Amino acid sequence: MLREAAQGGICIWAASYPGNTASVRSGVTLATLSRVSGTKWTLVDFLRSPEEEQITALSWSPNGKYLASASFESSSFIIWDVAQGVGTPIRRGLGGISLLRWSPSGDYFLSAKFDGTFYLWETNTWMSEPWSSTNGFVMGAAWDPDGSRILIAFSETSTLGSRC
């Protein structure tokens, strides 16, 4: 599956090829893009954001069941159950989100803001711990393979941060 942020929501695309047709959730208008190889990309869903803001950050859960989305315009991020097309906002006064990342296990989640604040979330309860940096905003983040530690790059320094 491929996802694309758009004004007002997220386009979900799936690959279709002979013998494997992408399933489309009811109510979605079909669109296809063809490749020379015979593979067609089919628009299988459009997840409409509640406030129809511009989506600026996306992250798939490791199991592919959930997709997290955020906007710099919104005070929350949304966890989408993609199969159901249903989104649950996680609100904590989070305006200005710049980056989202799931841990490899799916047990933890990072949300980062343009002001240098970032939150590490425990995904069973969606409780978070706030952190902040004087080194600018989070530009990139990568979890270690077991998801117990995250390496973070900031916009105003060449020094990396790490949290566990």
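Which residues does Gly136 touch, not counting residues up to four places away in sequence? In this predicted model, the residues in question are Gly116, Phe154, Ser155 and Glu156. Gly136 itself is found in the loop that runs between strand 12 and strand 13, the latter spanning residues 138-143. Its relative accessibility is 12%, and because buried means under 20%, Gly136 counts as buried. One of its contacts, Glu156, lies 20 residues away in sequence, yet the two C-alpha atoms are 5.0 Å apart in space.

**Overall architecture**

The protein chain has 164 residues, of which 43% count as buried. Its secondary structure consists of 15 strands and zero helices. Among contacts between residues at least 6 apart in sequence, 38% join residues at least 24 apart. The accessible surface of the chain comes to about 8,800 Å², and carbon and sulfur atoms account for 52% of that area.

**Strands 7 and 8**

Strand 7 (76-81) and strand 8 (residues 86-91) pair in the antiparallel sense, with six bridges between them. The two strands form a hairpin in which four residues lie between them. In the turn of this hairpin, Gly85 has a positive phi of about 70°. Ser76 has Arg91 of strand 8 as its bridge partner.

Pro89 also lies in strand 8. Leaving aside neighbours within four places in sequence, Pro89 is in contact with Ser76, Phe77 and Ile78. Phe77 is twelve residues from Pro89 in sequence, with a C-alpha to C-alpha distance of 5.7 Å. Pro89 counts as partly exposed because its relative accessibility is 33%, a value that falls between the limits of 20% for buried and 50% for exposed.

**The cavity**

A search of the whole structure finds one cavity of 30 Å³ or more. The largest cavity has a volume of about 40 Å³. Its lining is formed by Glu53, Ile55, Ser69, Ala70, Ser71, Ser74, Ser76, Phe77 and Ile78. Strand 6 (66-70) and strand 7 (76-81) are the elements that give two or more residues to this lining. Strand 7 gives the most, with three residues. By class, the lining has four nonpolar, four polar and one charged residues.

Most residues other than glycine have a negative phi. Trp126 has a positive phi of about 55° although it is not a glycine. Trp126 is placed in the loop between strand 11 (117-122) and strand 12 (127-132). At 15% relative accessibility, Trp126 counts as buried, because this value is under 20%.

**Accessibility of the residues discussed**

| Residue | Relative accessibility | Class |
|---|---|---|
| Pro89 | 33% | partly exposed |
| Trp126 | 15% | buried |
| Gly136 | 12% | buried |

With regard to position, Pro89 lies in strand 8, whereas Trp126 is in the loop between strand 11 and strand 12 and Gly136 is in the loop between strand 12 and strand 13.

Definitions and conventions
Residues are numbered from 1 along each chain as its sequence is written. This is a predicted model: local features need pLDDT of at least 70, side-chain atom pairs count only at pLDDT 80 or more; totals for chains, interfaces and linings use all residues. Side-chain values use heavy atoms; hydrogens and water are left out. Buried means under 20% relative accessible area, exposed over 50%, partly exposed in between (1.4 Å probe, protein chains only). Contact means heavy atoms within 4.5 Å. Accessible areas come from the Shrake-Rupley method with a 1.4 Å probe; for residues, only the protein chains shown count as cover. On a 1 Å grid over the protein atoms alone, a cavity is a set of points where a 1.4 Å probe fits but cannot get out, and a pocket is an open set with protein on both sides within 12 Å along at least five of seven lines; lining residues have an atom within 4 Å of a point. Grid points are joined across faces, edges and corners, and a volume is the space filled by probe spheres set on the points. Ala, Val, Leu, Ile, Met, Phe, Trp, Tyr, Cys and Pro count as nonpolar, Asp, Glu, Lys and Arg as charged, and the others, Gly among them, as polar. Two strands pair if DSSP finds at least two bridges between them.
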